[in-house]
Amino acid sequence: MKVEELAILESNFNQLIETLLIKKSEGEHFTVRLNSEGSQFTRFNHAKVRQTGFVADASIVLTLMADKRRSFRHFPFSGNWEIDWQLAYSALQELRDELPLLPIDPYLVLPSGTNTSREVNIGKLLTPEIVVSNILESVADLDFTGLYAGGVIIRAYGDSSGQKHWFATDSFTLDYSLFMESGQAVKGTFAGSNWDESAYLAKINDGKKQLAMLSLPVKELPRGKYKTYFAPAAVADLLAMLSWGAISEADIQQGNSALAVLSRQEKQLSPKFNLQENFQLGLVPRFNELGEMAAPELPLIEKGVLSNTLVNSRTAKEYNKLANGANGSETLRSPEISPGNLAFDDILPSLDTGLYVSNLHYLNWSDRPAGRITGMTRYACFWVENGEIVAPIENLRFDESLYRFWGAENLVDLTDFQEFIPEVGTYESRQLGGSLVPGMLVEDFTYTL
């Protein structure tokens, strides 16, 4: 999307807010949220282009509140004022007719405050004409499969109290796999706002080395407990489970949280484990669905102790808590696990004998109150003996508690480096952000099958 097109879209969005302020009736409150993108999508299979195209999409969610009731409408946003205002005004009229028919919402939170922000991050992405050549040149001799998605993403907000936010960023993600004839594969992601050819080649070269190790005879392991190194991508998968019934204050209050015993201080994690929301990374907007601004940094777990949960204004109103700018679902948006002291060259020697796990999948809670997670290893996971990789492994299912693998007795160390593991989802729209995480070395991780 060109700078001029961005400017027109922003101007029309601002005009929409101003006009709604004029048209709103006494006692009415509203919020307007914009979700927009201009994205190049290119899908690869066998190191060839399978599908390519460009998606330009934008939509508005208008929420109207009055008499302790609320409802919303979702409609397209074209950037053409005449079309957009007609859709918005029709939605406003429908919502006015609908609200009296709805039940009272006892925990309705009205927009308030005067927060404003504007953040535009201009990157250096591959142009559509050179996406294919830049990605495929170094993998022409490999069975390369993946999806490139790149372009501008916009999130914007305005409301009846005068709050206004605009966030636009150039970004790309490349989610790929390198396959062997046996079906074994190496999984990788590459993401950012500026395409770095040397960094991409380093990723591919590392994948080629792992492919060579995958050609060794596969080792079958019996179930049991093994010392395990989890690469950053696997750590990010485990971390993501905290957004599903753990770090949310509402889940804790309702008895659904995997961190309930941590919040009651009946247990604590390793003092080596520190987790925070870090919006200073600039990967996602700091504002939420009510235009509230989260702090630049919010510590969540400090030295193994739960210091904060994610609390939105609705939860705060219901349970008499202090809100901290969390989103409506109270999920992690820009999480960071602090690094430790384990150097890259010391990973295999420190592991000595055990498992090197690059990726995980199919994660789920097996016992949420106990913090137990089940899942499987996947892609480029190896058996290590005497500090050397000796064989790839068959996929293993695990079932283990976060109070053990992040606990004082079992968490040996975290690496002294971190990797950014991007969100690569494209359902409804491209997802923003990701996790900044180190790798971790764990004693006696439980594999059940």
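## About the model

The structure is a predicted model, in which local features need pLDDT of at least 70, side-chain atom pairs count only at pLDDT 80 or more, and totals for chains, interfaces and linings use all residues. Residues are numbered from 1 along each chain as its sequence is written, and side-chain values use heavy atoms, with hydrogens and water left out.

UniProt, in an unreviewed entry, places the feature "domain: Metalloprotease TldD/E C-terminal" at residues 224–447. UniProt positions follow the numbering used here, feature names are shortened, and annotations may be inferred rather than shown by experiment. Over residues 224–447, the chain is 15% helix and 34% strand, and the C-alpha atoms at the ends are 5 Å apart. Helices (H or I, at least four residues) and strands (E, at least two) are DSSP runs, numbered from the N terminus.

## Strands side by side

Let's start with strand E16 (residues 382–385). Strand E13 (residues 354–357) runs antiparallel to E16, and three bridges join them; two strands pair if DSSP finds at least two bridges between them. Trp-383 in E16 is the bridge partner of Leu-355.

E16 also pairs with strand E17 (residues 388–392), again in the antiparallel sense, over four bridges. Here Val-384 stands opposite Ile-389 of E17. E16 and E17 form a hairpin with two residues between them, and Asn-386 in the turn has a positive phi of about 50°.

## Rings that meet

Rings of Phe, Tyr and Trp (its six-membered ring) pair if their centres lie within 6.5 Å; planes under 30 degrees apart count as stacked, over 60 as edge-to-face and the rest as tilted. By this rule there are 22 aromatic pairs. Why does the pair of Phe-405 and Phe-445 count as tilted? Their ring centres are 5.9 Å apart and their planes are at 50°, so the pair is tilted. The pair links distant parts of the chain, with Phe-405 in helix H10 (residues 402–405) and Phe-445 in strand E22 (residues 440–447), 40 residues apart.

Phe-405 is buried at 1% relative accessibility, and Phe-445 is buried at 0%. Buried means under 20% relative accessible area, exposed over 50%, and partly exposed in between (1.4 Å probe, protein chains only). Both rings belong to one aromatic cluster, whose members include Tyr-226, Phe-230 and Trp-383.

## Nonpolar cores

A nonpolar core is a set of buried Ala, Val, Leu, Ile, Met, Phe, Trp, Tyr and Cys residues joined through side-chain atoms within 4.5 Å. The largest core has 51 residues, and those with the most contacts inside it are Phe-230, Leu-402 and Met-440. Helix H5 (residues 232–240) gives the most to this core, with five residues. Apart from it lies another core of 32 residues, among them Leu-136, Leu-351, Tyr-356 and Val-384. In soluble globular proteins, nonpolar side chains tend to be buried together.

Contact means heavy atoms within 4.5 Å. Leaving aside neighbours within four places in sequence, Met-440 is in contact with residues including Phe-230, Val-235 and Phe-405.

## Two loop residues

Is Ser-160 buried or exposed? Ser-160, in the loop between strand E5 (143–159) and strand E6 (164–179), is buried, with a relative accessible area of 15%.

Asp-352 sits in the loop between helix H9 (347–351) and E13 and is partly exposed at 37% relative accessibility. Asp-352 and Glu-385 are 33 residues apart in sequence and 5.9 Å apart in space, C-alpha to C-alpha.
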